[in-house]
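Thank you for making time this morning.

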Amino acid sequence: MGGSFGGSIKLTGESQYRQALQQISLNLRELTSQMKVTTASFASNSNSMSALAAKSSDLTAKLSLQKEKLATLKEQYASMSQQYASNTEKHNNLLKRYEEEKEKLRYIGETLGTTSKEYKEQEKVVADLGEQVVRSTKNQDDNAKSMTNMGIRINNAEADVRKTENA
């Protein structure tokens, strides 16, 4: 059974992106709290030049962080897309091989009988591939959900950038 697929397909590199996003999110929370302090400090004279300059500075910093977060999300999505396409190809090849091995099992059963040694060996190959197909299918489903969630996060980040730009 050389060339076995292994059955486990995961998107790699996600932890580095998660760490970067966590740091950016932490910086955004810190900046948001700083903006609250700035707003509170200048509440009574919110139209003064120094208040407007402080708000502008805070918004510029926030916009910069939000754009960095959006860029990181888009980079991660592009990486995940490439891996997902590769994994989909591997999954489809596994399905093809599984069907071929099932057909071979059927043929052995018809020609040599279901009690032959060859049939029993082929039955194990098909069972193993069947388990790999189940794992691979679950991983494909999980990866598709991850891609969808990443798309949602990108859309939300783009909306945040637009709101901050408008402010």
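I will start with confidence, then go on to salt bridges, and finish with one glutamine.

This is a predicted model, in which local features need pLDDT of at least 70 and side-chain atom pairs count only at pLDDT 80 or more, while totals for chains, interfaces and linings use all residues. Residues are numbered from 1 along each chain as its sequence is written, and side-chain values use heavy atoms, with hydrogens and water left out.

On pLDDT, the predictor's confidence in each residue on a scale from 0 to 100, the protein averages 82, and 80% of the residues score at least 70. When I speak of helices, I mean DSSP runs of H or I with at least four residues, numbered from the N terminus. Confidence is lowest in helix 1, residues 14–41, at a mean of 69, and highest in helix 3, at 92. Over residues 1–9 the pLDDT stays under 50. Where pLDDT is low, the predicted coordinates should not be read in detail.

Now to the charged pairs, where a salt bridge is a side-chain nitrogen of Lys or Arg within 4 Å of a carboxyl oxygen of Asp or Glu. The structure holds seven of these salt bridges. One of them joins Glu-158 to Lys-74, with the closest N and O atoms 3.2 Å apart, and this pair links distant parts of the chain, since Glu-158 sits in helix 3 and Lys-74 in helix 2, 84 residues apart. Lys-74 counts as partly exposed because its relative accessibility is 41%, given that buried means under 20% relative accessible area, exposed over 50%, and partly exposed in between, with a 1.4 Å probe and protein chains only.

Within helix 2, Arg-106 and Glu-103 lie three residues apart, about one turn of the helix, and salt bridges that share partners join Glu-103, Arg-106 and Glu-110 into one network. The Arg-106 to Glu-103 bridge itself is 2.2 Å from N to O.

Lastly, is Gln-122 buried or exposed? Gln-122, which is found in helix 3, residues 117–166, counts as buried because its relative accessibility is 6%. The side chain of Gln-122 makes a polar contact, at 2.5 Å, with the side chain of Glu-101; such a contact is a pair of N or O atoms within 3.5 Å, where, within protein, one must be able to donate a hydrogen and the other to accept it, and residues adjacent in sequence count only if both atoms are side-chain atoms.

Technical notes. Helix = DSSP H or I, 4+ residues; strand = E, 2+ residues; numbered from the N terminus. Contact = heavy atoms within 4.5 Å.
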